[in-house]
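Colleague: I would like to learn how to read a structure one feature at a time. Please show me the model, and then we can go through its features.

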Amino acid sequence: MARTGPLAGTRYQLRDGVTRVGRSAESDVIVHGPNTATVSGAHLEIECRSGVWSVRDMGSTNGTFVDGQRVTEAELTAASVIRLGSDGPEFGFSTEDAPADVALDSTLVIPDGVALTTPQPKSPSTVDAHERFLRAAVRRARLARMQGLEGQTITVMRDMLHRALKRDSRRWRKIVWTLAAALALTSAVGGWKILRLRAENVDIDRKIHDVEARLDKTQDEPETERLISQLTVYESEAQMLRSNLLYRMTGAPPESFVMQEIRALMVEFGAEVYSVPPDFVDQVNAHIQRYLGPDRPNMTRALREAKGQIAAMQRILVEEKLPPDFAYVPVVESTLSLTQSSAAGAAGPWQLTASTARSLGLRVDKAVDERRDLRKSTRAAANYLRDLLVDFGTGSSVMLALAAYNLGPTRMKQVVMRSVKDPFKQRNFWYLYRARALPPETREFVPKVFAVIIIGRNPQRYGF
C-alpha cells in the first residue's frame with residue numbers, strides 16, 4: 001500500500017513470482033509523481049519464496065530502506081515499511097490474502113501504478129456469477145477511461161482472463177473465450193494506436209533534432225531566440241504525446257547508458273527537459289573518455305584512495321540537505337587534493353578563495369588555512385552552495401548553482417543580465433546554455449561534473 005504521495009492509500013496486489021517496482025515503464029508497479037526523484041528506473045524487486053516474502057534492491061541510486069534501515073536484501077514482515085530513497089515514497093507491506101472468488105470491489109493493479117476499484121452492486125445475489133465477472137471487467141475498463149487512463153482496457157481484459165483461467169468449472173469456458181476474443185480485438189486496436197503515436201513521436205523528434213542542429217550553428221541572437229521558442233513548442237508537444245498512457249505502456253525508445261544517467265541526474269537536480277542539447281551530451285561523453293584515458297590516474301586516486309573522503313563529504317552534504325553527488329565537485333576542482341592551490345589563490349579540495357572562505361567562517365591566515373581541512377571546508381562549501389541555490393532558486397536551480405560555483409555569483413549575475421533581459425530566462429540553465437550566455441569555461445564545467453558523477457556512481461562499469 002502506498003503511504004505517501006498522491007496515491008496514498010492505494011493498494012497493490014502482489015502476484016505470484018517477482019514484482020518489480022520503479023520509474024520505468026517496464027516495472028510492474030510504476031512509481032511516478034512530484035515526490036519520486038529518489039526512485040530509480042528499476043528500483044527494487046519483491047518476491048515470495050517458500051512462503052517467505054523478501055525485498056531486493058536492484059542497484060538503485062538512492063537505496064532501498066526497510067523499517068528505516070538501508071538494505072540490499074531483506075525479509076518482509078506484515079508490518080514492514082519500504083521506502084524508495086532516504087526521503088522518497090513509502091509503501092506499507094501486508095500479507096492479507098485475497099478472497100478466493102472474484103469480488104467486485106477487489107483492487108486491480110495496472111501498469112501505471114494506479115489501483116482502480118469497482119463499486120459493489122446493490123443486489124449481487126440476483127446476478128449470475130459469470131455475468132457479474134464480465135460486468136466487473138467492463139466497469140473497470142470504463143472507470144479507467146473516465147479517469148483518463150486510456151489504453152488500460154488491454155490490461156483489464158488480460159487480468160480478468162488470467163483470473164478466469166484459474167476456474168475449473170465448465171461454465172467458465174465461455175467467459176474465457178469471450179475475454180480472449182475481446183483481448184485480441186482490443187490488442188489490435190491498441191496496436192494501431194501505438195503505431196500512430198510512435199509515428200507522431202518520430203516526427204516531433206526529427207523536428208527537435210533539426211532545431212537543435214541549427215541552434216548549434218547559429219550566432220545570430222534573434223535567430224537563437226526564435227529557435228529556442230520553436231524548440232519549446234516541440235518539446236511541449238512531445239511531452240503531451242509521451243504522457244499518453246498507451247504510449248508509456250510500450251516503453252520509451254532505447255537510449256545510451258550515459259543519456260539515461262544524464263536524465264536521472266536532471267530529475268534529481270530539478271532540471272528535467274525532454275531534449276538535452278547534443279553539445280552537452282557530447283561534452284559529458286568526451287570528459288568521461290578523458291577520465292578513462294589521460295586523467296585516469298587522478299580518477300583512480302579519487303575513487304579508490306580517496307573513497308573515504310568522498311563518503312565523508314557526502315555525509316556532510318546530506319546533513320546540510322544538499323545533493324550528496326555534490327561531493328564530486330572537488331574531484332573536478334582539485335582531484336581531491338588538500339594542498340592544491342590555483343594561480344588565482346584558490347586552495348583546498350573545494351578551491352575556495354581566501355575572501356570567500358573567510359566570509360563562510362573559515363580561518364585563513366599565515367598560521368592556519370582551514371580551506372585545507374576536508375570537513376570544515378566541506379561544511380563551508382555546503383553553506384556556499386546553499387546560498388547559490390537561494391540566489392538562483394527557480395527552474396533548474398541546481399544546474400545554475402553549479403555554474404555559479406565555477407564562475408562566481410557576482411560574475412554569473414553580470415553575465416546573465418548582460419546577455420538575457422528576461423528575468424525568467426535568466427534562471428533557466430538550459431536556455432542560458434543554448435543561447436551561449438555562459439562563458440565557455442562554465443559551459444564546460446557542468447558537463448565535466450556530470451561526467452565525474454556518472455563515473456562515481458558506476459565505478460565498476462568504468463573499471464574503478
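Colleague: What share of the contacts in the chain with a separation of 6 or more comes from residues 24 or more positions apart?

Modeller: A contact means heavy atoms within 4.5 Å. In this chain, residues 24 or more positions apart account for 56% of the contacts with a separation of 6 or more. This is a predicted model, where local features need pLDDT of at least 70 and side-chain atom pairs count only at pLDDT 80 or more, while totals for chains, interfaces and linings use all residues. Residues are numbered from 1 along each chain as its sequence is written, and side-chain values use heavy atoms, with hydrogens and water left out.

Colleague: How many of the 464 residues count as buried, as a percentage?

Modeller: Buried means under 20% relative accessible area, exposed means over 50%, and partly exposed lies in between (1.4 Å probe, protein chains only). Of the 464 residues here, 47% count as buried.

Colleague: How many helices and strands does the chain have?

Modeller: Helices (H or I, at least four residues) and strands (E, at least two) are DSSP runs, numbered from the N terminus. The chain has 16 helices and 11 strands.

Colleague: In what order do the 5 strands of the open sheet with mixed pairing stand?

Modeller: Two strands pair if DSSP finds at least two bridges between them. The order is β2-β1-β3-β4-β7, and the pairing is mixed. β2 (29–30) and β7 are at the edges with a single partner strand each, so one side of each has no neighbour in the sheet.

Colleague: How do β3 and β4 pair?

Modeller: Strand β3 (residues 44–49) and strand β4 (residues 52–57) are antiparallel and share 6 bridges. Leu-44 has Asp-57 as its bridge partner in β4, and Arg-49 has Val-52. The two strands form a hairpin with 2 residues between them, and Ser-50 in the turn has a positive phi of about 55 degrees. β4 is also joined by 3 bridges to strand β7 (residues 73–75), again in the antiparallel sense. There, Ser-54 has Glu-75 as its bridge partner in β7.

Colleague: Which strands form the open sheet of 4 strands?

Modeller: That sheet has the order β6-β5-β8-β9, with antiparallel pairing. Its edge strands are β6 (69–71) and β9 (90–92), each of which pairs on one side only. The twist averages 30 degrees from one strand to the next; for such angles, axes are lines fitted to C-alpha atoms, for helices over the stretch in contact, and angles run from 0 to 180 degrees between N-to-C directions. Strand β8 (residues 81–84) is joined to β9 by 3 bridges, and Ile-82 has Phe-91 as its bridge partner in β9.

Colleague: How many salt bridges does a search of the whole structure find?

Modeller: Side chains of opposite charge can pair when their charged atoms come close. A salt bridge is a side-chain nitrogen of Lys or Arg within 4 Å of a carboxyl oxygen of Asp or Glu. The search finds 26 of them. One network of salt bridges links Arg-20, Glu-45, Glu-47, Arg-49, Arg-56 and Glu-73.

Colleague: Where do Lys-207 and Asp-203 lie?

Modeller: Both are in helix α3 (residues 173–217), 4 residues apart, which is about one turn of the helix. Lys-207 is partly exposed at 28% relative accessible area, and Asp-203 is partly exposed at 30%.

Colleague: Which parts of the chain does the pair of Glu-320 and Arg-386 link?

Modeller: In this salt bridge the closest N and O atoms are 2.6 Å apart. The pair links distant parts of the chain, 66 residues apart: Glu-320 is in the loop between α9 (307–319) and α10 (329–334), and Arg-386 is in helix α12 (residues 374–391). Glu-320 counts as buried at 15% relative accessibility, whereas Arg-386 is partly exposed at 28%.

Colleague: At what angle do helices α6 and α16 pack?

Modeller: Two packed helices are described by the angle between their axes and the distance between the axes. Helix α6 (residues 257–268) and helix α16 (residues 440–457) pack at about 105 degrees, with their axes 10 Å apart. That makes α6 roughly perpendicular to α16; angles under 35 degrees count as roughly parallel, over 145 as roughly antiparallel, 65 to 115 as roughly perpendicular and the rest as oblique.
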